[in-house]
Amino acid sequence: MSSVENFTTSSSVANFDLDPSKIFDFPLDDFQREAIDALNHGQSVVVSAPTGSGKTLIGEYAIYRAIAHHQKLFYTTPLKALSNQKLRDFRHLFGPENVGLMTGDLSVNRDASVVVMTTEIFRNMLYAEFDQDDDPLVDVEAVVLDECHYMNDSQRGTVWEESIIHCPSWVQMVALSATVANAGQLTDWIEKVHGPTQLVVSDYRPVPLTFSFCSAKGLHPLLNDAGSAIHPNSRVWRAPKGNKRKGRSLKPLQPEAPPIRFVVRQMADRDMLPAIYFIFSRRGCDRAMKDLADQSLVTAVERNVIRERLRLYREVNSEAVLDEAYAESLLRGIATHHAGVLPAWKELIEELFQQGLIKVVFATETLAAGINMPARSTVISTLSKRADCGHRSLMGSEFLQMAGRAGRRGLDMNGYVVTVQSRFEGVREASQLALSAPDPLISHFTPSYGMVLNLLQRHDLRKAKELVERSFGRYLASLDLAEEEEILEQLRVRLGSLQGLSGDISWEDFEIYEKQRGRLREERRLLRILQKQAAETLANELTLALQFASLGTLVSVKASQLRSRITPAVIVDKLQGPGQFPLLLCLTDQNLWILIPCQAVVSLHAELSCLQVSDAKAPKLKSQGEISHGDSESEYLAKAIAHIACRHDMTTPQYDLAGEVLNQLKLVGVLENKLEELPAHQWGDRKKIKKHRRRIENLELEIRERQQLLHQRANRDWEVFQSLINILQHFGCLEDLVPTEMGRTVAALRGDNELWLGLVLMSGHLDNLEPENLAAVFEAISTEVNRPDLWSGFPPSSQAEEALYDLSGIRHELLKAQEQFKIVTPVLWEPELMGLVEAWAGGASWSDLVANTSLDEGDVVRVMRRTIDLLAQVPYCELVTEQLRINARKALRVMNRFPVCEAEDLFEDVIIESSDLNPATKRAD
């Protein structure tokens, strides 16, 4: 525990010694001392250490140091709930007057020495323009970026990068991150874009973790004593032979998961509670709570304490417990914690858990994101989860983040991490994750309309480009650049070598040759088709004529027994065939006897005189295709045939004499001659040359693709930035790259798509709406709920529906422009919940509201707060009507009531300042 908790005034803090040993009444770990030493030498620090290792102490020291120097410190967190928790903690440590809070819809004690805010608020503040007298960063000594590993968040990671890029160089940065694989790269990047930065890395856990695996047989050690491999007694499950699953996956199912009540009982018997039991679905958390409906995990004394705290909670929040099952479970030391739970109820759960009164909290993984709820144990119910792209295994950092919640410093000798058998994962998968390394941070830097306008409002295009190209993604790409350039150089050398081997070959000539060869192949194919067609036509005619042909008639035959050669022959005899046509006994010019069908004759030479064959002694052939060699007597006749064949063409089939065939033959001959005349015809092994050419082409393609990929990685952000400029110019928000009045209005907004929000506000379609109608339309354009079962029992009013319909043309034009320039920023349109928001703005009770929608209470609060966030920004927009400002303020007042507003205890003993600051930028407009 820090001695700082005894300070209640800024003067007492400021007069205290900066020696850490005088501030903290326990010895510091090495990494904590190293980080504090770096701060005292004026450096920024990146602290990468396991969850629960004491990183927050470094942030607390930075706070104390800033107060002692009569300076300010901003403490940023990724979540509003975490900001609220830090506010309570820091008030307790430093006194209420020294701590302030900034959120999207209110400002509390913003001139305090320590101001807690979300990272988005800090980023927005950096983009805003201030006069020298009212710049909130002038007296800021340091900024703490808590949970800095949130840079890996695909939706919001860009906020951390923008904050680091634009933070003034005189402000020390304290980046507190869970263990990541590339903390050194993060530090090097911050040093390049911000200033001198020291990396402090620790893998030390003050409370070591013990990993276990729970199956239906009980709870067993997962890793060996050294924690380096799977435990030798762990039995890896193998499916019985022949046990295959039907369907896409051939992987057999694992054994059944043990019941949740069994897991909890095993842990309770081993004194491993309190525990956070991670289940990756809200419904799963609620079902698990109900499965323990007959179990109590608390003593009678603890139950009475919980009952009294619950009574006080009900007195303040009369409508905050709509489902008594949650209250009954709470009295038995069991609770759920997920995004569907009312924020006020979650805060109660967190408070009771920290006091050790709740023994099991069933939670989704969002609880692992920084909320201070240390437990003796964590249970991870499954090692895979649903994602946008289907079902995937947990990443190493996700597993470590959840596991790291186990072990309470000063209370536990060991923290326990329990993985549970499921139908898809067993002990092998559990051990692999337990031994896995953390994942590296990657960049999610994403230019937005607001970023473009705010940068161009303060800088010229050249400076804006320089700032955009400071992103972490560009830095990582530059690290890969040297390696990629080396690979490209190797490829270029190989390409040069191959091109050298090709000598004097003109690839242009070779391509001409290959095209000619291709054409010749095609013309030859066509010739074969024409020959076949002519042969089929001729075959019928010849077969009929051969029935009446005299013995001694000269013919040309083609048979496989004659190697398919067009062979001159004479008909010596006709024998009875298997069908209506005879078999022909012929003698060829090579003195071979052959028995053939009429179809084997390809030419009938009726114009030539018949030969005398009556004296020829023919062999007795019986089978079609049978051949026999002639003797000396038949040799004379064979020579006569050969003599005639020399004088007359007897080797051209009669079908080749058809007009189309002759023309095609002539064309093929011309192409063959042309091909032989080309230079490439003399180059020898053209197959080898072609293969060589293909290797060159493949190398050229690989080099082009690698160069293009390098260009895209290095210039992606700037190309997006330029596309956003084009869209903003199209809608009149930029003129000569300077924001217009419209542009300044859009720049003052914050949301998923600032241009969409700005165009709506400036359209005039909402100016005359009543406050509740205005709130309804704001919900439709600023929120998104991905629920297939979404419904609301409150239909929207005709005024709100008509106003939303009037905006469809603007939305269509914006979507068209974004498609043209390949921008995928969402243009939100959620009309299903308009009536719900309208009812709340009209004074409906919370119980009626929740009873008439499929949304959970937490979802309803989130929708209302998103709507309130936009309403709060309207009065500070430059180009909106006064009537719209007035109605937005009225709607904000009627909507911002419990349980949508923040818990009242946050504002005890402090003055909530008048909302004269733009909540998007925290500046006066």
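This is a predicted model: local features need pLDDT of at least 70, side-chain atom pairs count only at pLDDT 80 or more; totals for chains, interfaces and linings use all residues.

Me: How many helices and strands does the chain have?
Reply: The chain has 31 helices and 25 strands.

Me: And what share of the residues is buried?
Reply: Of its 925 residues, 52% count as buried. The accessible surface of the chain is about 43,200 Å², and carbon and sulfur atoms make up 50% of that surface.

Me: Now to H30 and H31. How do their axes cross?
Reply: Helix H30 covers residues 857-873 and helix H31 covers residues 882-895; their axes come within 9 Å and cross at roughly 150°. An angle over 145 degrees counts as roughly antiparallel, and H30 and H31 are therefore roughly antiparallel to each other. Their crossing is left-handed.

Me: Which residues meet there?
Reply: From H30 they are Met 864, Thr 867, Ile 868, Leu 871 and Ala 872, and from H31 they are Ala 888, Ala 891, Leu 892 and Met 895. By class, this contact of H30 with H31 has eight nonpolar residues, one polar residue and no charged residues.

Me: What about H6 and H7, at what angle do they pack?
Reply: Helix H6 (residues 119-127) and helix H7 (residues 157-166) pack at about 40°, with their axes 9 Å apart. H6 and H7 are therefore oblique to each other. On the H6 side the contact includes Phe 122 and Arg 123, and on the H7 side it includes Trp 160 and Glu 162.

Me: How do the residues of that contact divide by class?
Reply: The contact of H6 with H7 has five nonpolar, three polar and three charged residues.

Me: Changing topic: which peptide bond involving Leu 273 is cis?
Reply: The bond joining Leu 273 and Pro 274 is cis, with omega at about 10°. Pro 274 is placed in the loop between helix H9 and strand S11. The peptide bond from Phe 898 to Pro 899 is cis too, with omega near 5°, and Pro 899 lies in the segment after H31.

Me: Last one: what is the phi of His 70, and is that residue buried or exposed?
Reply: His 70 is not a glycine, yet its phi is positive, at about 60°. The residue lies in the loop between helix H4 and strand S2. Exposed means over 50% relative accessible area, so His 70, at 64%, counts as exposed.

Technical notes:
Residues are numbered from 1 along each chain as its sequence is written. Side-chain values use heavy atoms; hydrogens and water are left out. Axes are lines fitted to C-alpha atoms, for helices over the stretch in contact, and angles run from 0 to 180 degrees between N-to-C directions. Helices (H or I, at least four residues) and strands (E, at least two) are DSSP runs, numbered from the N terminus. Angles under 35 degrees count as roughly parallel, over 145 as roughly antiparallel, 65 to 115 as roughly perpendicular and the rest as oblique. A crossing is left-handed if the near helix is turned anticlockwise from the far one by less than a right angle, and right-handed if clockwise. Contact means heavy atoms within 4.5 Å. Ala, Val, Leu, Ile, Met, Phe, Trp, Tyr, Cys and Pro count as nonpolar, Asp, Glu, Lys and Arg as charged, and the others, Gly among them, as polar. Buried means under 20% relative accessible area, exposed over 50%, partly exposed in between (1.4 Å probe, protein chains only). Accessible areas come from the Shrake-Rupley method with a 1.4 Å probe; for residues, only the protein chains shown count as cover.
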